[in-house]
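Please look at the sequence and the structure shown below. The paragraphs that follow lead through the structure one region at a time.

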Amino acid sequence: MVKVDKKSVALTFDDGPNQTYSLEVLKLLEKYQAKATFFYIGNQIEANLDVVEQVVAKGHEIGNHTWSHPDLTKISPEEVKQEIESTSEIIKKAVGKVPVIFRPPYGEINDQVESMTELSPVLWEVDSEDWRTQDPDEIYQLVTDNVEDGSIVLLHEIHQGTVDALDRILKFLVEANYQFVTVSELNR
Ligand SMILES: [Zn+2]
C-alpha cells in the first residue's frame, strides 16, 4: 500500500464567540472531524461560556483577539497590554489555561505592539474575505483557489456567508488530502 502524506491546513475563526453562528460552525467542524483555532474577543466571552466550553471539549485551540478589537497600532502601549492581558485572563478563567497566540485585529501590528506581549502573533496566508463578501460561492472560491500545504486560513464566525460556505470548504479540503490542525500544531 502506498503511504500518502497529508497536507496541513489551519482554519482560523475570528471575532467570536457568539450565540448566532458559533454552534453551527462547531457542528460543521465536527462533521469532518476538523480541528480549528478560534481567536476570541475578550468582551464576548462571558456571555458565551457554553460555546467556549464546547470549543475546548472538542480539542480546538483558543487564541487571543484582544478585549475590544481596536487597531493596536493606534493605541498606547499600556492600552495594548491591557487589551491583550484582560483577554488572556478571562480565557484562563473560562478554560483553565492562557492562550499562547494572539491575532491583532485587522492584521495591524508593529514592533511596539509585539514588544508588549509574550504571545506569538498569528496572521494568515489565505484571506476568505468573508468580512467583505457574504457570497458563499465567492468565499469558497477564494479559499479553495489559494490554499496550500501549511496555510493559515482567515475566516470569521460572525457572518452567515461563512457558515453557508463552510461545509463545501471542509469537503474540498478533505478530498484534496488535507488534515486539519490548530495553529500551534502547524510546523513552522
Ligand atoms: Zn477580528
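Lys-171 has a relative accessible area of 42% and therefore counts as partly exposed. In this predicted model, Lys-171 forms a salt bridge with Glu-175, and the closest N and O atoms of the pair are 3.2 Å apart. Both residues belong to helix α6, where they are four residues apart, so about one helical turn separates them. Glu-175 has a relative accessibility of 60%, which means that Glu-175 counts as exposed.

A second pair of this kind is found in helix α3. The side chains of Lys-81 and Glu-85 meet in a salt bridge, with 3.2 Å from N to O. Because Lys-81 and Glu-85 are four residues apart in helix α3, they too are separated by about one helical turn. Lys-81 is partly exposed, with a relative accessible area of 36%, and Glu-85 is likewise partly exposed, at 38%.

The structure holds 10 salt bridges. Another of them joins Lys-74 to Asp-71, whose closest N and O atoms are 3.1 Å apart. Elsewhere, Glu-129, Arg-132 and Glu-138 are linked in a network of salt bridges.

The surroundings of Phe-13 can be followed in detail. With its neighbours within four places in sequence left aside, Phe-13 is in contact with Val-25, Leu-29, Ala-36, Thr-37, Phe-38, Phe-39, Leu-155, His-156, Glu-157 and Leu-166.

The next topic is the metal site. Which residues supply the protein donors of the zinc ion? The donors are Asp-15, through OD, together with His-65 and His-69, each through NE2, and they lie 2.0 to 2.1 Å from the zinc ion. Along the chain, the donors follow the spacing D-x49-H-x3-H. Asp-15 lies in strand β1, which covers residues 7-16, and His-65 lies in the loop between β3 (61-64) and α3 (77-95), so this pair ties together parts that are 50 residues apart in sequence. Asp-15 counts as buried because its relative accessibility is 13%, and His-65, at 1%, counts as buried as well.

Thr-66, found in the loop between β3 and α3, has a phi near 75 degrees, which is a positive value in a residue other than glycine. At 0% relative accessibility, Thr-66 counts as buried. Gln-33 also has a positive phi in a residue other than glycine, in this case near 50 degrees. Gln-33 is found in the loop between α1 and β2 (37-40), and it is exposed, with a relative accessible area of 72%.

A further backbone feature concerns a peptide bond. The bond from Gly-16 to Pro-17 is cis, with omega near -5 degrees. Pro-17 is found in the loop between β1 and α1, the latter being residues 22-31.

One annotation may be set beside these features. An unreviewed UniProt entry places the feature "domain: NodB homology" at residues 7-181. In the model, the end C-alpha atoms of residues 7-181 lie 10 Å apart.

Conventions
Residues numbered from 1 in each chain as written. Predicted model: local features only at pLDDT ≥ 70, side-chain atom pairs only at ≥ 80, totals over all residues. Heavy atoms only, no water. Donors = N, O, S within 2.8 Å, 3.2 Å for Na, K, Ca; no water. Helix = DSSP H or I, 4+ residues; strand = E, 2+ residues; numbered from the N terminus. Buried < 20%, exposed > 50% of the residue type's maximum accessible area, 1.4 Å probe, protein only. Contact = heavy atoms within 4.5 Å. Salt bridge = Lys/Arg side-chain N within 4 Å of Asp/Glu carboxyl O. UniProt positions renumbered as here; feature names shortened; annotations may be inferred.
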